[in-house]
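Dear colleague,

Please find the structure below for your records. My notes on it follow directly after.

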Amino acid sequence: MVDLKALFSLTGKRVLVTGSSRGIGRALASGLAAAGARVALHGATASQALDGAVAEVGNGAIAIAGDLATIQAVDAIAEQALSALGGVDILVLNASIEVREAWDAISHDAFARQVAVNLEASTRLISALAPGMVDRRWGRILGIGSIQEVKESPAMPVYAGLKAAQTSLMRNLARQFAASGITCNTLAPGVVETDRNRQALTDAALRERLTRQIPMAHFGEADDFIGAAVFLCSDAGRYVTGVRLLVDGGMHL
Ligand SMILES: NC(=O)c1ccc[n+]([C@@H]2O[C@H](COP(=O)([O-])OP(=O)(O)OC[C@H]3O[C@@H](n4cnc5c(N)ncnc54)[C@H](OP(=O)(O)O)[C@@H]3O)[C@@H](O)[C@H]2O)c1
């Protein structure tokens, strides 16, 4: 009989989840640790939230702080993860920023900051952490995408475009890394009420408009992404690469 527990186990795996002090990243860190992994949690800055998340996740979890908008900080995050964990087997690119600016009001500063955090930091972390995965012939790179790759919000065209760009990066690398035992996929959430959109979602008309677009008729919860992440990051997902898995209550339909 197939050993399902072993197939989904992450025992012995070392993980970095960016942006895991709060929200979806925190839930993913918790889920991956529950599957047996040792996790480096990360936040833009050292905070009580980050410390609380590390304590909650347990299993030898550690905290790393650094602003992904700064190249030096990105490099330092990768170095700290490598030295504290002794290597990184699974990289979850979860942190992102979204700036609400309509197409005719896009500012240079917000554009540059979103490119840095949402795309350039991803490429740089991969460059630093994937060589060890190649050496060990086992690795997982999981980009966190968005429903906005297929249903773009007019309020944030740059953010939506960068999520699609990160998925393109995952597909590109999926092909290049496939022979080295490394999978590259995107997990794309639908609408989840977290700190980033809580204010916007106080608008009852917006909540109703969004809910009407979701066949399951409700927003997601951060925990709704754990199952898909454990599947894609464990041996259960070893033959899956280059996909974008939308976990969105059917909102893409
Ligand atoms: N919420 C949704 O509806 C939704 C929908 C689709 C996709 N997503 C995607 O899911 C992922 C998680 O979203 P979320 O809603 O859970 O996020 P969130 O609650 O806003 O949390 C953001 C996390 O990213 C970190 N972070 C923010 N700016 C950073 C920076 N410049 N450098 C480093 N870290 C930074 C934060 O650290 P600090 O705590 O230190 O600030 C925090 O850990 C994101 O990629 C988002 O695009 C979310």
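Glu 149 counts as buried, because its relative accessibility is 9% (buried means under 20% relative accessible area, exposed over 50%, partly exposed in between, with a 1.4 Å probe and protein chains only). This is a predicted model, in which local features need pLDDT of at least 70 and side-chain atom pairs count only at pLDDT 80 or more, while totals for chains, interfaces and linings use all residues. Residues are numbered from 1 along each chain as its sequence is written, and side-chain values use heavy atoms, with hydrogens and water left out.

Glu 149 is placed in the loop between β5 (139-144) and α6; helices (H or I, at least four residues) and strands (E, at least two) are DSSP runs numbered from the N terminus. The side chain of Glu 149 has a polar contact with the side chain of Thr 167, at 2.7 Å. A polar contact is a pair of N or O atoms within 3.5 Å; within protein, one must be able to donate a hydrogen and the other to accept it, and residues adjacent in sequence count only if both atoms are side-chain atoms.

Ser 234 lies in the loop between α8 (226-233) and β7 (244-247). Ser 234 counts as buried because its relative accessibility is 0%. From its side chain, Ser 234 reaches the backbone oxygen of Leu 7 at 3.4 Å.

**The ligand and its surroundings**

The ligand is surrounded by 32 residues, and the closest are Ser 21, Arg 22, Asn 94, Tyr 159 and Thr 194; a residue is near a molecule if one of its heavy atoms lies within 4 Å of it. An N or O atom in the side chain of Arg 22 is 2.7 Å from an oxygen atom of the ligand. On its own the ligand has 910 Å² of accessible area, of which the protein covers 92% (Shrake-Rupley method, 1.4 Å probe). Two or more residues of the shell come from each of α2 (23-34), β2, α5 (108-136) and α6 (157-177).

**Strands β2 and β3**

Strand β2 (residues 38-43) pairs with β3 in the parallel sense over four bridges, where pairing requires at least two DSSP bridges. Gly 43 stands opposite Ala 65 in β3.

Yours sincerely
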